[in-house]
Structures are given as C-alpha cells and as structure tokens.
Amino acid sequence: MLMPFARRTLGAVGGAALLGLLLGGCAAMNEAGWSIGDGEPVYVVDQNAAKLAMVDPDGGEVVGEVEVGDTPTYNAVTPDGDYVLVTATGEEMLYVVDTGQGEVVERLELGDTPKGVGVTPDGEFVYAVNEGPESNSVDVFEVGSWTHVKEIGVGEAPHNVAFDPARKIAYVSNAESNTVSRIRYTNHTYLDEIPLAGDGVPHNLVVSPDGEFLLVTLNESEQMAVVELDSGQDIVHVNLSKEHHGIDMSPDGRWVYVTGIGDSVVNVIDLGRFARVGQVEVGQGPHGVRFSADGDHAFVSVQGTNEVVVMETGGHDIVRRIEDPGGPFWVAVPGR
C-alpha cells in the first residue's frame, strides 16, 4: 500500500509493493524493469484500472502495468525516457514512475483537481496543471530531486500545458478564461495571456515544430484555434468532431491529429492548408494521441473499445489494434 506524504515533501515508494503487474502471456519483465526489445514503448494511462500501462507497439501487447492512484488522467515522459509522470486527479498527486525499474518512486502532492502535465524540452522541470478553482495554477518540480520549485497562478480552469523551445515559453490552456497563459519556463515567470476568438473552452494544445503556430482545441465550439505566435493572434478556426479533444502534430509539422472522446474518429488536419482533410474511424471514445519520434506512426487511446490503435501516417491507415482492458485515456511516447 502506498504511504501518504505531506505536501511538497520527498519520499521514495517501496518498489516491492508497487512493481508493475504483467498481463498473462505478455513479454517478460527483466530484472532492470520493463522491456520490449528494440522498439520504443508507448505509455498509456488506464483510467478505469487506475494504472499506467507500458505497450509494445511492434509486438502488439501490454508488457507491464503499475498502479498510479485514484483517477489517473494525463501523463508525460522525460526527454531521456527515464521517467513517466502521471497526474492522479482523484487524490491530487503526481506519480513518478521510473521506467528502468518499472515502479513508482515518488508521489508529489498537487493542487486542486490536477489534469495536464508536461516536461520542459530541456528535461529539467515538470509542469503540472491544477484545474480546480482553489488553485488555478501550475506546480513546478525539478526532475531528479523532485523538489517543488514554484506554484504559478494562471487563468481560470487551466487544463494542460505545451512548450515552445524556440521562445522558452510554456503555454497553458484556460478553459473558463478562453485564453492561453504564457510562462517563461527558464525562470518560471508568468508573462501574460493570449485571448482566443469566439466561444472557446480551451482544452488541449500543441506547438508546431517550427515554432510558428500554437494549436488549441476548443470544446464548446468543437473547433481547433490556430494562433500565430509571432503576432499572438488567433487567426483561424478548424472544425472538429465531438469533444473532449486530444491533439498532436507530426514531427515534420505537416499533419495534425485531433481526437474527440465523444465521437469515434481521428480528425486529420493539413496544417499547411489550415483545413481538415479527412477523418479516420478508430472506435468509440478516442482521446489520447501521440506521434512516434520518427513521425511514421501515431498511437491513439480508444477508451470505449479498450484499445490502443496504431496508425501509419503516410496514408493515415490503421495498422494494428492492441487490446488494453484498463480504459486507455491518454498516451505518452519517448521523444515526444
């Protein structure tokens, strides 16, 4: 059983009590932790099972699981792949999973109703977003020491975070403010807010690899806002499927994939044209989506069918469906 920790204090969690449980018939875990052979893993938040699953996309199976608290929601991977961070919304904790050991090594207390989490591009800090009205903030932790560095106030009902390495800026979507907050992540300084046009409810967001655009999904209008970062202007909106949306962009900046858990499709958007060019049926309830580091594939968590869908991005085709019975909600990929 997990031991309680006071807010902002450190504490390693006993490995023996929290070793990842392997599914029957899956690949073996070696003594060093989770292992999938030569490929890169996909880390999936299984919300219904309250676990983080490690999926082998090439082998087509779940190879390890570890418990990550009450109502896990979002996750992120450090750039070196050593740690996965998971927000446990139901208990207001950030779980730190050591991928080499395949176990939880820290539990860090967060604010009111934590949701999104991200790691700065330099790999030095974790930003965890507290959506609830008692916080409206971002908690910052140092990677490795896991010390609490700062709590930064942002807009109302902040939901998730994305990073702009060119400008050293973290962007935080504010659902009730209909804005995006800007934070200088080199010194964790709040800068200002970018207003979005029309009816909004900003949800998830991503920065284009060239740093030109910030893309923000809008739940109430079921659109994606495109913000030109040089001017800070919301320049165009693209129609989507039913909310709530997940979003990611291919590493070359060509394709944007947007899911909608209220529907059964992945929206395919050509950023060069600012247009949706197709929809791919993946099954009811897609939410998490991440491209692979090389951009050849994308991974979609489909909660309604308990699957992780692997798409080949050249033709936007489904190439594999991986069973994951824990209610897959969000995904994270090393290098992304």
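The lining of the largest pocket comprises 22 nonpolar, nine polar and three charged residues; Ala, Val, Leu, Ile, Met, Phe, Trp, Tyr, Cys and Pro count as nonpolar, Asp, Glu, Lys and Arg as charged, and the others, Gly among them, as polar. The model is predicted: local features need pLDDT of at least 70 and side-chain atom pairs count only at pLDDT 80 or more, while totals for chains, interfaces and linings use all residues. Residues are numbered from 1 along each chain as its sequence is written, and side-chain values use heavy atoms, without hydrogens and water.

**Largest pocket**
- A pocket is an open set of points on a 1 Å grid over the protein atoms alone, where a 1.4 Å probe fits, with protein on both sides within 12 Å along at least five of seven lines; lining residues have an atom within 4 Å of a point.
- Of its 34 lining residues, Val119, Phe163, Val206, Arg290 and Arg336 lie nearest the centre.

**Second largest pocket**
- The second largest pocket holds about 240 Å³ of space.
- Its lining has 14 residues, with Pro57, Asp58, Ser292, His297 and Phe299 nearest the centre.
- Seven of these lining residues are nonpolar, three polar and four charged.

**Strands β14 and β15**
- Strands (DSSP runs of E, at least two residues, numbered from the N terminus) include β14 (residues 179-184) and β15 (residues 189-195), which run antiparallel and are joined by six bridges.
- Arg184 has Thr189 in β15 as its bridge partner.
- Four residues separate the two strands of this hairpin, and His188 in the turn has a positive phi of about 60°.

Definitions and conventions:
Pairing = 2+ DSSP bridges. Points joined across faces, edges and corners; volume = space filled by probe spheres on them.
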